[in-house]
Amino acid sequence: MTDEELTQAELFDVFSNARRRRTVRYLKQHHGSCDLAPLVEQVAAWENDVDPDEVTRAQRRRVYISLYQTHLPMLEDHDIVDWDPDDHTIELLPSETLFEPYLDRNLEHQRPWHALYATLAGAGVLALGLTAFSVGPLSAVAPPLVALALSGAVLVVAAVHHATRRPDLRLPFDVTRR
């Protein structure tokens, strides 16, 4: 199969799995080639959010088996890598510009956005709960103000989240000016 034969649907299918995306990302970081052992170590570390030297044997084995039996053969079938199962060597083929948009970016530096959104939701529930028990003249005004403030906070976080996922995004003003 050649680069021209890979359809967008096939690329989505190939890169629908995080292990395959991580495999290609690792190869790109290591100048296009590597042995299987360090790849397995790093993919297991990424998946378990630990340093590579903290990966357990069971974690390493799970990744090894799936890469060896499923993911590397599939990447090879689509001419994305050259995989030698006897020597345990993998080489990224020169079609990387074709699949670059389908890869994860900055795997090791991902922000825990889910935790930030959950924290905002928890703060909202707590703040609205506290305003429900308030008494006096502000009790009717406080819940809508709290809801408005939390909605604004979620909007700001969502905008920052969107902007950080789009490195090509240009702002209408120059933030580097002093």
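In this predicted model, Glu41 and Arg60 pair up in a salt bridge, with their closest N and O atoms 3.2 Å apart. Glu41 sits in helix α3 and Arg60 in helix α4, so this pair ties together parts that are 19 residues apart in sequence. Both ends are partly exposed: Glu41 has a relative accessibility of 21%, and Arg60 a relative accessible area of 28%.

The count of salt bridges comes to three. Glu47 also takes part, meeting Arg19 with the closest N and O atoms 2.6 Å apart. Since Glu47 belongs to helix α3 and Arg19 to helix α2, the pair ties together parts 28 residues apart in sequence. Glu47 bridges to Arg22 as well, here at 4.0 Å between the closest N and O atoms. Arg19, at 16% relative accessibility, counts as buried, and so does Arg22 at 17%, while Glu47 is partly exposed at 29%.

Arg19 turns up again beside Thr23: its backbone oxygen lies 2.7 Å from a polar atom of the Thr23 side chain. Thr23, in helix α2, is buried, at 0% relative accessibility. Beyond its neighbours within four places in sequence, Thr23 is in contact with Leu39, Val43, Leu67, Leu72 and Leu75.

Leu67, Leu72 and Leu75 are among the buried residues of α4, and it is at Leu67 that α4 bends by about 50 degrees. The buried residues of this helix pack against α1, α2, α3, β2 and β3. Just after α4, Asp79 takes a positive phi of about 55 degrees.

Technical notes. Residues numbered from 1 in each chain as written. Predicted model: local features only at pLDDT ≥ 70, side-chain atom pairs only at ≥ 80, totals over all residues. Heavy atoms only, no water. Bend = angle between axes of the 7 residues up to and from the residue. Helix = DSSP H or I, 4+ residues; strand = E, 2+ residues; numbered from the N terminus. Buried < 20%, exposed > 50% of the residue type's maximum accessible area, 1.4 Å probe, protein only. Contact = heavy atoms within 4.5 Å. Polar contact = N/O pair within 3.5 Å; in protein donor to acceptor, adjacent residues only side chain to side chain. Salt bridge = Lys/Arg side-chain N within 4 Å of Asp/Glu carboxyl O.
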